[in-house]
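This report is meant for a reader who is meeting the structure for the first time.

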Amino acid sequence: MQSADLGHIHLHYRIDGPEDGKPVVFSNSLGTDLRVWDPLLPHLAPGLRIIRYDRRGHGLSDVPDAPYSMGQLVRDTEALLDFLNIRDCVFVGLSIGGMVAQGLAVKRPDLIRAMVLSNTAARIGTAEIWRERAKLARSQGLSALADATMERWFTPKFRASPALPIWRNMFLATPVEGWTGCAEAIAGTDFYSTTAGLKLPVLGIAGDRDGSTPADLVRETVDLVHGSEFALIRRAGHLPHIEQPAAYAEPVNRFVLAQGFGAS
Ligand SMILES: O=C(O)CC1=CCC(=O)O1
């Protein structure tokens, strides 16, 4: 457990793997903390340096007053990677984390060599939807959003499994200020034109039963970048690395290794 003092904010982060391993940065989704990647880690190729962090308003990072902007979320990540002296990473962005990836790749191409855009898009939902959800969260708490969120995150089969409370509790443990702050950032984000100008290797990943970023939406964004690849994970919702970790790891490992990121 470590905290980075970035001057404007403290972010909680964690690094696993050898110090001289090639860096792969994981940026998670709204309403989750860095532990959301735990099911995937045992399936990743050996020898990588795995960097995870809690976005502002989430996990053990600072919780500034809402609203947040996507520019702030990108800047936080940029500052963290500079603090950790990370360059040329493969950046794996899940949902809002994928939006941060798109913004950061435009702003700081020196930081990102290639990116995985997982269950994300240049624009997710509509501003109205996110502002409605934020209003409900502020008036009634995240419990008012929990059932619908689990339906977007997971298939019915997974929702009936004993593992569900782990992820539901992670969602419910998110500070309302942090969740609504990030929801406002999503509401204000449309990266279509800037993502279309990106020139770096991109792998898109979608779940065939994603209730938040359906596969066609993910594909539309990923196709904006010339030469991008795409993988569909079957029997999975918005968090396919939890429901199908081995199937998710397969394209990620192939893509990461194709960037010259083998064990050193
Ligand atoms: O729909 C959800 O709540 C899931 C989600 C959308 C953006 C994000 O990061 O998570």
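## The largest pocket

The lining of the largest pocket holds 2 nonpolar, 2 polar and 4 charged residues, where Ala, Val, Leu, Ile, Met, Phe, Trp, Tyr, Cys and Pro count as nonpolar, Asp, Glu, Lys and Arg as charged, and the others, Gly among them, as polar. These lining residues are Thr155, Pro156, Lys157, Phe158, Arg209, Arg235, Glu243 and Gln244, and the pocket has a volume of about 160 Å³. Helix H5 (residues 156–159) gives the most to this lining, with 3 residues; helices (H or I, at least four residues) and strands (E, at least two) are DSSP runs, numbered from the N terminus.

On a 1 Å grid over the protein atoms alone, a pocket is an open set of points with protein on both sides within 12 Å along at least five of seven lines, whereas a cavity is a set of points where a 1.4 Å probe fits but cannot get out, and lining residues have an atom within 4 Å of a point. Grid points are joined across faces, edges and corners, and a volume is the space filled by probe spheres set on the points.

## Basis of the model

This is a predicted model, in which local features need pLDDT of at least 70 and side-chain atom pairs count only at pLDDT 80 or more, while totals for chains, interfaces and linings use all residues. Residues are numbered from 1 along each chain as its sequence is written, and side-chain values use heavy atoms, with hydrogens and water left out.

The largest cavity has a volume of about 100 Å³ and is lined by Leu30, Ser95, Trp130, Thr149, Arg152, Trp153, Phe171, Trp179, Ile186, Ser212 and His238. By class, its lining divides into 6 nonpolar, 4 polar and 1 charged. Helix H4 (143–153) and helix H7 (176–187) each supply at least two residues of this lining, and H4 gives the most, with 3 residues.

The second largest cavity has a volume of about 30 Å³, and its lining is made up of Leu11, Tyr53, Arg55, Arg56, Leu73, Asp76, Thr77 and Val100. Here the division is 4 nonpolar, 1 polar and 3 charged, and the largest share, 3 residues, comes from helix H1 (residues 70–83).

## Aromatic rings and charges

A search of the whole structure finds 7 aromatic pairs. Phe171 and Trp179 form one that is edge-to-face, 6.5 Å centre to centre with 90° between the planes; rings of Phe, Tyr and Trp (its six-membered ring) pair if their centres lie within 6.5 Å, and planes under 30 degrees apart count as stacked, over 60 as edge-to-face and the rest as tilted. Phe171 counts as buried because its relative accessibility is 0%, and Trp179 counts as buried at 2%, where buried means under 20% relative accessible area, exposed over 50% and partly exposed in between (1.4 Å probe, protein chains only).

Both residues belong to one aromatic cluster, formed by Trp130, Trp153, Phe154, Phe158, Phe171 and Trp179. The charged end of Arg133 sits over the ring of Trp130, 4.6 Å from its centre, and Arg56 lies over the face of Tyr68, at 5.2 Å from the ring centre; for such a contact, NZ of Lys or CZ of Arg is within 6 Å of the ring centre and within 35 degrees of the ring normal.

Helix H7 has 12 residues and reaches 16 Å from its first C-alpha to its last, close to the 16 Å expected at 1.5 Å a residue, the expected span being 1.5 Å times one less than the number of residues. H7 is mostly covered, with 10 of its 12 residues buried, among them Trp179, Cys182, Glu184 and Ile186.

In helix H1 lies Gln72, which is partly exposed because its relative accessible area is 31%. Gln72 and Arg56 are 16 residues apart in sequence and 9.2 Å apart in space, C-alpha to C-alpha. Asp82 is also found in helix H1, and Asp82 and Leu111 are 29 residues apart in sequence but 8.5 Å apart in space, C-alpha to C-alpha.

## Backbone details

Most residues other than glycine have a negative phi, and most peptide bonds are trans. A cis peptide bond joins Ala66 and Pro67, with omega about 0°, and Pro67 is placed in the loop between strand S4 (49–53) and H1.

Asn85 has a positive phi, near 60°, and is placed in the loop between H1 and strand S5 (89–94). Arg235, which is not a glycine, has a positive phi of about 60° and is found in the loop between strand S8 (229–233) and helix H10 (240–243).
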